[in-house]
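These are my notebook entries on one protein chain, written down in the order in which I looked things up.

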Amino acid sequence: MIKKRLKFTQSILASCLVMGAAFVSQSTLAADRTGKEVVDSVCGGCHASGKDGAPRIGNAADWSKRATQGLDKLAQNAITGVRKMPSHGGQVSLSDLEMSRAIAYMISGGNSVDPNKAYNVAKTRTGEQVVNEVCGNCHVSGKDGAPVIGNMDAWKPRLKEGVDRLVASAVKGHNHMPARGGMSNLSDAEIKDAVTFMVAKIGGAKK
């Protein structure tokens, strides 16, 4: 009976992984690590043994209740942190796609194919809110060389490779800017909205 229940749970989890592909957003980063690489270097520290109640890698019973919330909710919890797990597993520069791949790897016990897109993560803050809460601390005054909001000359050379490259820099950190602007529970999607908000301000700026 127990074996049948576990088999049924694994079937549900597999279905979730497949359906999750329908609710995804494109990652902005090009050099994202595989799920195995992320789990081996970050997540496995707790999820291999079940430390602090973490669901164990490949254990259907541990993951079944959590999986019913949907893959987007699992990704949201991994990004913002939940209970004793810090946001982004304590490694703030992990992208949404890397987090999604790690989740898929752990649920399946290493038997899933890495997603090519990140699981959809609900955005709790608008781009303007993120700028007001964190980005504006440097981008209003130009602190440490940050391009000033609304200054065309400051932003123009940075936009040569497109907005996605700016988002990648904000996620990973660049020069004096820490990963995610120092706000570890921001998702890539929220960062992209913040970057887009700042870039939109240069439209009426003087050259």
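Predicted model: local features only at pLDDT ≥ 70, side-chain atom pairs only at ≥ 80, totals over all residues.

I looked up helix H8 (residues 163-172) and helix H9 (residues 188-200), whose axes come within 9 Å and cross at roughly 125°. For my own use I note that axes are lines fitted to C-alpha atoms, for helices over the stretch in contact, and that angles run from 0 to 180 degrees between N-to-C directions. Helices and strands here are DSSP runs numbered from the N terminus (H or I and at least four residues for helices, E and at least two for strands). The angle makes H8 oblique to H9, since angles under 35 degrees count as roughly parallel, over 145 as roughly antiparallel, 65 to 115 as roughly perpendicular and the rest as oblique. The crossing of H8 and H9 is right-handed; a crossing gets that name if the near helix is turned clockwise from the far one by less than a right angle, and is left-handed if anticlockwise.

I then listed who meets whom: Val-163, Asp-164, Leu-166, Val-167, Ala-170 and Val-171 of H8 are in contact with Asp-188, Ile-191, Lys-192, Val-195, Thr-196 and Val-199 of H9, where contact means heavy atoms within 4.5 Å. Sorted by class, this contact of H8 with H9 holds eight nonpolar, one polar and three charged residues. The classes are Ala, Val, Leu, Ile, Met, Phe, Trp, Tyr, Cys and Pro as nonpolar, Asp, Glu, Lys and Arg as charged, and the others, Gly among them, as polar.

Residues are numbered from 1 along each chain as its sequence is written, and side-chain values use heavy atoms, with hydrogens and water left out.

I find nine helices and two strands in the protein chain, and read along the sequence they follow the pattern α-β-α-α-α-α-β-α-α-α-α. Of the 207 residues, 41% count as buried, where buried means under 20% relative accessible area, exposed over 50%, and partly exposed in between (1.4 Å probe, protein chains only).

H6 passes H9 in a right-handed crossing. On the H6 side I noted Gly-127, Glu-128, Val-130, Val-131, Cys-135 and His-139, which meet Glu-190, Asp-193, Ala-194, Phe-197 and Met-198 of H9. This contact has six nonpolar, two polar and three charged residues.

I also looked at Asn-137, which is found in helix H6 (residues 127-139). Is Asn-137 buried or exposed? Its relative accessibility is 53%, so Asn-137 counts as exposed.

H2 brings Gly-35, Lys-36, Val-38, Val-39, Cys-43 and His-47 to the contact, and H5 brings Glu-98, Arg-101, Ala-102, Tyr-105 and Met-106.

A nonpolar core is a set of buried Ala, Val, Leu, Ile, Met, Phe, Trp, Tyr and Cys residues joined through side-chain atoms within 4.5 Å. The largest has 20 residues, and Val-39, Cys-43, Leu-71, Leu-74, Ile-103, Ile-107 and Tyr-119 touch the most other members. Helix H2 (35-47), helix H4 (71-80) and helix H5 (96-108) each supply at least two of its residues, and H5 gives the most, with seven. A second, separate core of 19 residues includes Val-131, Val-134, Leu-186 and Val-195.

Gly-70 lies in the loop between helix H3 (60-67) and H4, and at 17% relative accessibility Gly-70 counts as buried.
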